[in-house]
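A close look at one part of a structure is requested below.

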Amino acid sequence: MRYSIIIPVFNRPDEVDELLLSLTTQRFKDFEVIVVEDGSSVPCAAVVQKYQDRLELAYYVKPNSGPGQSRNYGAERSRGEYLLILDSDCVLPEGYLTAVEEELRREPADAFGGPDRAHDSFTPVQKAINYAMTSFFTTGGIRGGKRKMDKFYPRSFNMGIRAEVYRALGGFSKMRFGEDIDFSIRIFKGGYRCRLFPEAWVWHKRRTDLKKFFKQVHNSGIARINLYKKYPESLKLVHCLPAVFTLGVAGVLLASLWCGWSLLLLALFAAVIFIDASLQTKNPKIGILSVCAAVIQLTGYGTGFLWAGWQRCVRGKDSFSAFEKNFYK
């Protein structure tokens, strides 16, 4: 068996349906699929049953423990030479596995990952969130793109790794948030080689509304501080920029009480985002939503980063996360 595709899922049967359907169209066929139900109250058993005669498919149900431990559960039951970790809200183009196979044959890698894109069928909010997560003006444009980087850290929505390396590293840690970056850091610390596969991209739906998106990025900001406490060298200047933006927004709003002109700075930022997103998506409505998503992306991450920095670095508290009970709902 060449590949084992591991999909943790929590209350997302409709999305699992789309992902499994896309797996039936893959041109490369040497793979198995392992779906791990992570304590869902809305299980996807009936959806999985639809594909039992079309895919080499295993389905497991376990108590909720978060995505990292669910991936480990699936990996323990896998048979593939390589493990492919996918989020349940991804959909694959028919050439995804072919692209992975071609990259590995061209130049071997111990671990790898690919970019994500927004599908035409996504809602305007999902397209706006995709813009916020990939734009140069919000993340530097390096999340899963083709920009040259000194190191590429795969994210768990689209990650691959040799099974023997996965097991040597002990799989994902018990962190509920930031566990994929933690794993990537351990890959590099173990001396293994990790590469970006630009053509092994997926359509990634991400959050379905802006409230859930805030919860996601707020926890990402917290996770960055938790990772810093484990690996101080992992914190880079770019990780601090959303916190700087958040403090800057607060400062501008306070200054506007005395000088309304200060609001022009926020208006300029909004105009840049609106114009860039509208041109990229060819839709002014998505441009407007992208302004909201960009502000949420930066301030959500920034507030999580600042709060965790205060709690962990100043007050000396232990590792923690927010929205743990309802983040995945």
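Q: Which residue of E2 stands opposite isoleucine 7? Please describe the surroundings of that strand as well.

A: Opposite isoleucine 7 stands valine 35 of E2. The model is predicted, so local features need pLDDT of at least 70 and side-chain atom pairs count only at pLDDT 80 or more, while totals for chains, interfaces and linings use all residues. Residues are numbered from 1 along each chain as its sequence is written, and side-chain values use heavy atoms, without hydrogens or water.

Strands (E, at least two residues) and helices (H or I, at least four) are DSSP runs numbered from the N terminus. E1 and E2 are paired in the parallel sense through seven bridges, where pairing requires at least two DSSP bridges between two strands. From E1 the chain passes through H1 to E2 in a right-handed β-α-β crossover; right-handed means that, with the strands pointing away from the viewer, the path from the first strand over the helix to the second runs clockwise.

E2 is also paired with strand E3 (residues 57–62), again in the parallel sense, over six bridges. Here valine 36 faces tyrosine 60 of E3. Together with H2, E2 and E3 make a β-α-β unit that is right-handed.

Eight of the eight residues of E2 are buried, so the strand is largely enclosed by the rest of the structure. Buried means under 20% relative accessible area, exposed over 50%, and partly exposed in between, with a 1.4 Å probe and protein chains only. One side of E2 carries Phe31, Val33, Val35 and Glu37, the other Glu32, Ile34, Val36 and Asp38, and both faces are covered.

Val33 and Val35 are among the residues with the most contacts inside the largest nonpolar core, which has 33 residues. Such a core is a set of buried Ala, Val, Leu, Ile, Met, Phe, Trp, Tyr and Cys residues joined through side-chain atoms within 4.5 Å. Strand E2 (31–38) is one of the elements giving two or more residues to the largest core, as are strand E1 (3–9), helix H1 (13–24) and helix H2 (45–50). H4 gives the most to this core, five residues.

Aspartate 38 and lysine 62 are both buried.
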